[in-house]
Amino acid sequence: MPLQVSDYSWQQTKAAVFISVPLRGVCVRDADVFCTENYLKVNFPPFLFEVFLYAPIDDESSKAKIGNNTITFTLHKKEAAMWETLSVSGVGKEMMQRIREKSILQAQERAKEAVEAKAAARREDQKYTLSVMMKIEEEERKKIEDMKENERIKATKELEVWKECQRKAEEQKKVQREEKSHQQEKQIEKEGKKLKHKSLTRNSASRSFATKGRNSQNIFFEKLKEDSIPAPRSFGSIQISFTPRVFPTALRESQVAEEEEWLHKQAEARRAVNTDIPELGDLKEEEKNPEWLKDKGNKLFATENYLAAINAYNLAIRLNNKIPLLYLNRAACHLKLKNLHKAIEDSSKAYRIMKLHLRLIHPIKLYKMMLRRFGI
């Protein structure tokens with residue numbers, strides 16, 4: 001049973017009460033203080049200090065200071081008045097027990113309210129933090145969009161300037177061509193006048209030779225005409241034939257085995273085209289190629305249009321479901337859209353197809369392919 005402390009001292013004013021309780025050599029860490037508006041308890045085993053206050057106090061603003069082997073309490077009164085005694089008199093055991101239980105319930109309710117208030121404050125802080133983060137992300141997104149728009153406007157202006165320069169260059173070339181043609185016409189006209197003048201001079205000279213007949217004169221003029229005017233150039237066409245090639249590279253720079261394998265796969269893909277697919281009705285012949293659809297999906301993925309890229313990969317897979325890269329690209333699109341289950345499913349399909357292909361390749365051929373791939 002704890003020992004009651006009776007050698008305490010207290011003082012008061014109209015606004016506060018000051019109580020000093022000795023610790024009697026007990027360690028400060030072992031002291032437990034409990035205070036409500038009508039009840040004060042200090043438990044430092046084997047001693048116990050307990051007092052049922054004469055009037056209510058403001059326990060939130062009250063303070064306790066531990067030092068020099070003493071606990072000093074500063075209790076602020078709710079009503080400014082002088083107390084007759086520190087503890088209320090005429091309190092029985094049942095009344096004391098009720099006051100203790102009531103004080104404990106008040107402390108528990110106050111602690112619960114404090115926890116709820118702290119949780120509410122934490123939620124408010126989280127909401128505020130989330131709103132601030134969303135605002136920052138929106139500002140960054142807007143900044144990026146503004147940068148894109150500025151770059152687009154800049155590129156458009158540069159393109160317009162380039163077009164204007166090209167137009168001026170074309171106009172300048174056209175003017176130069178016109179000036180050159182005009183000069184050539186003047187030169188031809190000038191040469192024609194000279195030839196006409198020469199012919200007239202020679203005609204007058206030929207008339208002076210009356211002894212020569214008209215036949216000799218005509219022969220002379222024909223020869224002069226043939227010497228002055230050159231004969232027109234002959235024209236022709238040259239037929240050039242090239243070796244038919246599917247790939248744009250020269251035959252000496254190509255890997256024949258890999259090209260034949262690629263062509264074989266393309267033929268299988270074209271044979272696997274299902275004409276009953278309704279989406280193929282409005283497509284061109286080249287758009288029915290899975291490789292073309294794969295490239296189209298890659299371009300849409302680069303522009304962050306993931307849904308359109310998924311549609312392109314879906315149609316390509318319906319045309320040929322043996323290409324693992326189609327499943328991998330579609331998995332990347334699903335990953336960007338946070339469709340994790342679909343991304344895992346497409347990745348697993350691609351893994352199974354690649355594993356099957358590796359089993360079908362001869363080890364020596366696979367070794368040569370790896371050597372050629374890594375340039376060893």
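Student: Are α5 and α6 roughly parallel or roughly antiparallel to each other?

Tutor: This is a predicted model, where local features need pLDDT of at least 70, side-chain atom pairs count only at pLDDT 80 or more, and totals for chains, interfaces and linings use all residues. Residues are numbered from 1 along each chain as its sequence is written, and side-chain values use heavy atoms, without hydrogens and water. α5 and α6 pack at an angle of about 155 degrees, with axes 9 Å apart (lines fitted to C-alpha atoms, for helices over the stretch in contact, with angles from 0 to 180 degrees between N-to-C directions). Angles under 35 degrees count as roughly parallel, over 145 as roughly antiparallel, 65 to 115 as roughly perpendicular and the rest as oblique, so α5 and α6 are roughly antiparallel.

Student: How do the residues of the contact of α5 with α6 divide?

Tutor: Contact means heavy atoms within 4.5 Å. Tyr 306, Ile 310 and Tyr 313 are among the α5 residues that meet α6, whose partners include Leu 326, Arg 330 and His 334. Ala, Val, Leu, Ile, Met, Phe, Trp, Tyr, Cys and Pro count as nonpolar, Asp, Glu, Lys and Arg as charged, and the others, Gly among them, as polar. The division is 9 nonpolar, 3 polar and 2 charged.

Student: Why are α4 and α6 roughly parallel to each other?

Tutor: Helices (H or I, at least four residues) and strands (E, at least two) are DSSP runs, numbered from the N terminus. Here the helices are α4 (residues 290-302) and α6 (residues 324-336), whose axes come within 11 Å. They are roughly parallel because of the angle, and the axes cross at roughly 20 degrees.

Student: How do the residues of the contact of α4 with α5 divide?

Tutor: The axes of α4 and α5 (residues 306-319) come within 8 Å and cross at roughly 165 degrees. Leu 293, Gly 297 and Phe 301 are among the α4 residues in the contact, and Ala 312 and Leu 319 are among those of α5. The count is 12 nonpolar, 2 polar and 1 charged.

Student: Which element gives the most to the lining of the second largest pocket?

Tutor: The lining residues closest to the pocket centre include Glu 50, Phe 52 and Met 96. Two elements give two or more residues to this lining, α1 (93-208) and β6 (47-52). With 5 residues, the top contributor is β6.

Technical notes. On a 1 Å grid over the protein atoms alone, a cavity is a set of points where a 1.4 Å probe fits but cannot get out, and a pocket is an open set with protein on both sides within 12 Å along at least five of seven lines; lining residues have an atom within 4 Å of a point.
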